[in-house]
Amino acid sequence: MTDLNSGEGRSGARLWVMAPRGFPYADLQSFLAALESAGELRRVTVPVDPTLEISEVVTRTVRAGGPALLFEKPTRGAMPVAINLFGTEKRMAMALGVDSLDEIGARIGDLVKPELPVGWSGIREGMGKVLQLKSLPPKKVKVAPCQEVVLSGDQVDLNRLPGLQVWPGDGGIFHNFGLTHTKHPETGKRNLGLYRLQQHSRNTLGMHWQIHKDSTAHHAVAERLGQRLPVAVAIGADPVVCYAASAPLPGDIDEYMFAGFLRGERVEMVDCVTVPLQVPANAQVILEGYLEPGERQPEGPFGDHTGFYTPVEPFPVLHIECMTMRKDPVYHSIVTSKPPQEDHGLGKATERIFLPLAKLLIPDIVDYDMPAAGVFHNCLIVSIRKRYPKHAQKVMNAIWGAHLMSLTKLIVVVDEDCDVHDYAEVAFRAFGNVDYARDLLLTEGPVDHLDHSSYQQFWGGKAGVDATRKLPAEGYTRGWPEEMVMSPEVTSLVDKRWKEYGI
């Protein structure tokens with residue numbers, strides 16, 4: 001294998017040394033190698049403190065459009081820290097093995113087309129889709145890199161991990177990219193979620209499970225039954241599994257099947273050592289434990305992606321009985337803050353990947369955009385092909401009834417000729433095309449657990465802005481004016497002569 005740059009961590013252990021590999025990436029190491037080969041990774045070889053200092057370095061790097069970072073010598077913990085892996089659309093596309101995030105949306109769109117096959121070619125295409133779906137279920141293996149080192153009982157020590165304190169007011173050390181595995185106690189249905197984890201002690205973590213999440217429902221059932229809930233947390237999975245954990249999938253869609261679809265091959269998983277769960281075999285670190293029914297401890301404060309500290313609240317406590325890892329693991333984390341921050345890449349991937357499913361659910365949608373400044377659930381810009389009076393309001397209500405899009409606080413609806421990703425054009429329509437006495441829809445409904453502006457936690461006010469052209473049937477009788485557009489002939493002439501003007 002090609003020696004990229006061996007380097008050593010604080011423990012003196014050799015870091016990863018491998019040649020860049022093609023997609024799908026087998027593990028975090030191969031993705032880091034690919035990023036480095038593409039000039040998208042920088043190694044930080046000097047000691048850096050995981051308490052605040054790494055956060056400030058990462059925040060400046062993200063806002064400058066800079067590279068992924070590998071802190072080789074964190075001053076706390078026993079392994080290097082990989083961060084800002086998904087901070088740009090380019091790296092997010094690399095993580096998912098595409099040139100454009102829209103390519104995945106197109107694949108999903110092809111799979112969910114409702115048309116029946118016509119003729120032999122249609123049957124062949126339908127069989128191809130079925131064969132593609134066969135690659136989705138995860139593959140069980142007996143021996144896994146994530147279990148090269150097994151620590152149990154008194155050997156468990158979370159201080160081996162270089163967890164971050166990101167902001168001065170944070171309640172302590174947090175592990176911000178732990179992929180949390182649970183099962184429904186009655187149905188056995190698996191869930192994979194991405195939740196922050198506050199380190200309470202060497203072997204306990206606070207589980208910040210928001211009210212709308214599937215793992216919260218699993219825990220509620222376990223408590224009703226008076227049972228412990230087994231939990232396994234994976235840190236440092238391959239990039240596709242990392243994304244799948246963050247994706248807003250319906251409860252009946254298995255995240256590992258979705259990851260298999262994105263990878264084009266099955267995800268390898270292994271049985272945990274002490275709990276009846278499976279985890280990604282090629283992860284860096286696995287934490288195995290349980291939640292005691294009825295137990296809560298204060299969790300927070302935490303500087304979240306909203307740009308504000310979330311308050312201290314009681315949350316369940318994970319008791320870790322076993323900790324497994326690779327011999328030379330890399331710790332993966334993320335920094336949360338006021339946008340822009342690394343989660344922009346994850347959110348943009350979700351926006352493009354799930355567009356075909358949104359269209360299937362709400363066929364009126366032409367395109368949509370989730371502005372980073374709205375932290376992806378506060379604002380949704382939607383374009384429609386308007387066909388009848390109050391069509392925009394119909395779409396608003398459909399969005400507020402659609403899975404996690406129900407948490408959207410502000411919806412701006414524009415005509416199909418408006419580029420929803422051109423915020424200046426959207427603002428022009430919203431500022432100029434709206435009579436706020438008639439075109440503003442106000443309602444109430446559920447909001448995100450982290451929303452600090454709602455007067456009551458978990459629910460609050462919402463607004464829909466109809467910035468489309470108004471119809472006579474909507475009560476607009478003045479005759480909608482024609483928008484000014486230069487003639488194509490003059491545009492073409494100026495294009496040809498532009499150099500002559502010397503401007």
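Tutor: Let me start with a term: a helix here is a DSSP run of H or I with at least four residues, numbered from the N terminus. Keep in mind that the model is predicted.

Student: Which helix holds His 218?
Tutor: His 218 lies in helix 6, which covers residues 214–225.

Student: Why is His 218 called buried?
Tutor: Buried means under 20% relative accessible area. His 218 has 5% relative accessibility, so the residue counts as buried.

Student: What does His 218 touch?
Tutor: Leaving out residues up to four places away in sequence, His 218 touches Thr 182, Lys 183, His 184, Pro 185, Lys 189, Arg 190, Asn 191 and Leu 229.

Student: How is the chain divided into domains?
Tutor: Domain 1 takes 20–113 + 124–336, and domain 2 takes 362–481. Their centres, taken over C-alpha atoms, are 33 Å apart.

Student: How do you know that domain 1 and domain 2 are in contact?
Tutor: Contact means heavy atoms within 4.5 Å. In this contact, 15 residues come from domain 1 and 13 residues from domain 2. About 1,200 Å² is buried between them, and carbon and sulfur atoms give 67% of that area. On the side of domain 1, Gln 210, His 212 and His 305 lose the most area, together 40% of what that side buries.

Technical notes
Residues numbered from 1 in each chain as written. Predicted model: local features only at pLDDT ≥ 70, side-chain atom pairs only at ≥ 80, totals over all residues. Heavy atoms only, no water. Domains from an automatic or database assignment. Buried area = accessible area lost by both parts, 1.4 Å probe. Helix = DSSP H or I, 4+ residues; strand = E, 2+ residues; numbered from the N terminus. Buried < 20%, exposed > 50% of the residue type's maximum accessible area, 1.4 Å probe, protein only.
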